[in-house]
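Dear colleague,

I am passing on the structure we spoke about, and my notes follow below it. Please read them alongside the coordinates.

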Amino acid sequence: MGEIEDSKGRRMVFVTVGTTLFDALVRAVDTKEVKQELFRKGYTHLLIQMGRGFYTPTKSEAEDGSVSVDYFTFSSSIADHLRSASLVISHAGSGSIFETLRLRKPLIVVVNEDLMDNHQSELAEELAERKHLYCARPQTLHHTIANMDSESLLPYPAGDANPVAKLINRFLGFPDD
């Protein structure tokens, strides 16, 4: 599902925390265990969008059983990074989740356990139960990567907004077409 390799044979993992502060995710992907698991799965590059976090990952070139690592804080658009990714590891924000699923990219959603009233975990867990993505916590990310099979993920079906639009039009008193 959606895995791509560029003309140089690179398979990029894109990590996004959105506009949030989620140092636990950035720390998790910067561990030797996670980088080794990604390398074992055939990924060559790790690009981390670290948001407002304070933890700075270690930049590195691909070497002995690991991936190349680069990072940035913010971008006016992450769409190009999502499109060029072979795997996306994301915070549990609905925008990031649905944009990645729309692009049919393999996705691991990492839930931020530090958030109060964490409704995002409910969304991620429900979509994982339906086999559209994998759901992890920062401390379980390396196990999720080791055990994942992106071919087993099911594409998320695009929604049809017409029934909702008709209902709104009827409520507002507009005639049905």
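A residue is called buried under 20% relative accessible area, exposed over 50% and partly exposed in between, with a 1.4 Å probe and protein chains only. By that criterion, 42% of the 177 residues of the protein count as buried. This is a predicted model, in which local features need pLDDT of at least 70 and side-chain atom pairs count only at pLDDT 80 or more, while totals for chains, interfaces and linings use all residues. Residues are numbered from 1 along each chain as its sequence is written, and side-chain values use heavy atoms, with hydrogens and water left out.

The protein has seven helices and six strands, taken as DSSP runs (H or I, at least four residues, for helices; E, at least two, for strands) and numbered from the N terminus; along the sequence they follow the pattern β-α-α-β-β-α-β-α-β-α-β-α-α.

Leu 46 touches, among others, Val 13, Val 29, Leu 38 and Val 67, leaving aside residues up to four places away in sequence. Phe 174, found in the segment after α7 (162–171), is partly exposed, with a relative accessible area of 47%.

Best regards

How values were computed:
Contact means heavy atoms within 4.5 Å.
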